[in-house]
Amino acid sequence: MPSLAFLGRPNSLSFGTISEFERRRTRNDPTLIRAHYRITTGDFLSFEIHGSDGIAYMYASNTPQAGDEPVAIEFGLKEAPRPWALFSKRR
């Protein structure tokens, strides 16, 4: 797994490391769960950590262990200003 140290993240992206990193960074519990659920069997399929700065880490287990590595990482972009808002200033 490539390192995200250049973005100020830990070298290890394991579940335990990222959970602790996000807890320290936000001084709260990060949003830890967006579960994907299979209705037909009642199984949870994956687990996500939605951390600070719009980065989400996806783990391919409904009960990830501390050493589990993410299977995907999502980088959210900051919302751009709306074009019409640039011209709406009152004079």
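Modeller: Here is a short tour, from the overall layout down to single residues.

Modeller: One note before we start: this is a predicted model, where local features need pLDDT of at least 70, side-chain atom pairs count only at pLDDT 80 or more, and totals for chains, interfaces and linings use all residues. Residues are numbered from 1 along each chain as its sequence is written, and side-chain values use heavy atoms, with hydrogens and water left out.

Biologist: Thanks! Which elements does the protein chain have, from the N terminus on?

Modeller: The order is α-β-β-β-β, that is, one helix and four strands. Helices (H or I, at least four residues) and strands (E, at least two) are DSSP runs, numbered from the N terminus.

Biologist: And how much of the protein chain counts as buried?

Modeller: Of its 91 residues, 29% do. Buried means under 20% relative accessible area, exposed over 50%, and partly exposed in between, with a 1.4 Å probe and protein chains only.

Biologist: Let's look at the helix. What span does α1 reach?

Modeller: Helix α1 covers residues 15-26, and its 12 residues reach 17 Å from first C-alpha to last, close to the 16 Å expected at 1.5 Å a residue. The expected span is 1.5 Å times one less than the number of residues.

Biologist: Which residues of α1 are buried?

Modeller: They are F15, I18, S19, F21 and E22. These residues cover an arc of only 165° around the axis, which puts them on the same side of α1. The arc is taken from the directions from the helix axis to the C-beta atoms.

Biologist: Nice. What covers the buried residues of α1?

Modeller: The cover includes β2 (43-50) and β3 (55-59). As an example, I18 is in contact (heavy atoms within 4.5 Å) with P10, S12, L13, I49, Y57 and Y59, leaving aside neighbours within four places in sequence.

Biologist: Which residues form the largest nonpolar core?

Modeller: There are nine: L4, L13, F15, I18, F47, I49, I55, Y57 and Y59. Elements giving two or more residues to this core are α1, β2 and β3, and β3 provides the largest share, three residues. A nonpolar core here is a set of buried Ala, Val, Leu, Ile, Met, Phe, Trp, Tyr and Cys residues joined through side-chain atoms within 4.5 Å.

Biologist: Switching topic: is E48 buried or exposed?

Modeller: E48, in strand β2, counts as buried at 3% relative accessibility. Its side chain makes a polar contact with the side chain of H50, at 2.8 Å. A polar contact is a pair of N or O atoms within 3.5 Å; within protein, one must be able to donate a hydrogen and the other to accept it, and residues adjacent in sequence count only if both atoms are side-chain atoms.

Biologist: Where does S61 lie?

Modeller: S61 is in the loop between β3 and β4 (72-75), and counts as buried at 19% relative accessibility. Not counting residues up to four places away in sequence, S61 touches L45, S46 and F47. A polar atom of the S61 side chain lies 3.0 Å from the backbone nitrogen of T63.

Biologist: And T63, buried or exposed?

Modeller: T63 is exposed, with a relative accessible area of 52%.
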